[in-house]
Amino acid sequence: MKLVIHGKNIEITDAIREYVHQKIEKAVNHFQNITNEVDVHLSVARNPRINPKQAAEVTIYANGNVIRAEESSENLYASIDLVADKIARQLRKYKERRHEKKTHAQTSIEGVVQQTVVTDLIGDRAPELPEEVVRTKYFAMPPMTVAEALEQLQLVGHDFYMFRNVETGEINVIYERNHGGYGVIQPRNGNGHTNGKNGKTAHGNTSVSEASHAHK
């Protein structure tokens, strides 16, 4: 298992490196057969007098899937403890889902409802954009179904997940809606129609389908 440690505003000392190895290796010990690489990102607030936040983020690449957990506190070692426990729970959940897939030959996403474009994707939240790009990430995008993308969204712990739709070959985004359930954003071609089976003609630049929250 490959374990890589990165630091931001912090020096990765031998003591920190040893503690990370000890905690993370223990957390993934029972899942090494499905774990290919573990990426650990440690960061400390730029001005600890104002913001004492010290964060630990763990990203695990497991058989083409990404499993992520993040925790923060006023103590870096405590944050590492918390994120190790959390990633262990995420791995356990992932392994259970894989077992369920093997038990059931076919899986399907239920309750997908086709609707017109939702004009308000952020609800009551005010859009906040950084003044500049502060981080760039690159991920492999193997084709997957909407159901598989939903599973990935729940594993990475983000509000959205970008994926390549296996039916259309195009990039889609599945996201968690403020009022419950999930939405899928799809591109539309020049004639006003989506290229996929799940899309629906709409008077906008994207097509959105909603998935039942009960699937979570």
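This is a predicted model: local features need pLDDT of at least 70, side-chain atom pairs count only at pLDDT 80 or more; totals for chains, interfaces and linings use all residues.
1. Pairing of S1 and S2. Strand S1 covers residues 2–8 and pairs with S2 in the parallel sense, over seven bridges. One of the residue pairs is that of valine 4, whose bridge partner in S2 is aspartate 39.

2. Valine 44: position and burial. Strand S2 spans residues 37–44 and includes valine 44. Valine 44 counts as buried because its relative accessibility is 16%, and the cut-off for buried is under 20%.

3. Valine 44: surroundings. With neighbours within four places in sequence left aside, the contacts of valine 44 are Lys8, Asn9, Ile10, Lys53 and Gln54. Glycine 7 is 37 residues from valine 44 along the chain, and their C-alpha atoms are separated by 8.5 Å.

4. Glutamine 90: position and burial. Helix H2 runs over residues 76–103 and contains glutamine 90. The relative accessibility of glutamine 90 is 9%, and therefore this residue also counts as buried.

5. Glutamine 90: surroundings. When neighbours within four places in sequence are set aside, glutamine 90 is in contact with Ile67, Arg68, Gln154 and Leu155. For arginine 68, the separation from glutamine 90 is 22 residues in sequence and 7.8 Å in space, taken C-alpha to C-alpha.

Notes:
Residues are numbered from 1 along each chain as its sequence is written. Side-chain values use heavy atoms; hydrogens and water are left out. Helices (H or I, at least four residues) and strands (E, at least two) are DSSP runs, numbered from the N terminus. Buried means under 20% relative accessible area, exposed over 50%, partly exposed in between (1.4 Å probe, protein chains only). Contact means heavy atoms within 4.5 Å. Two strands pair if DSSP finds at least two bridges between them.
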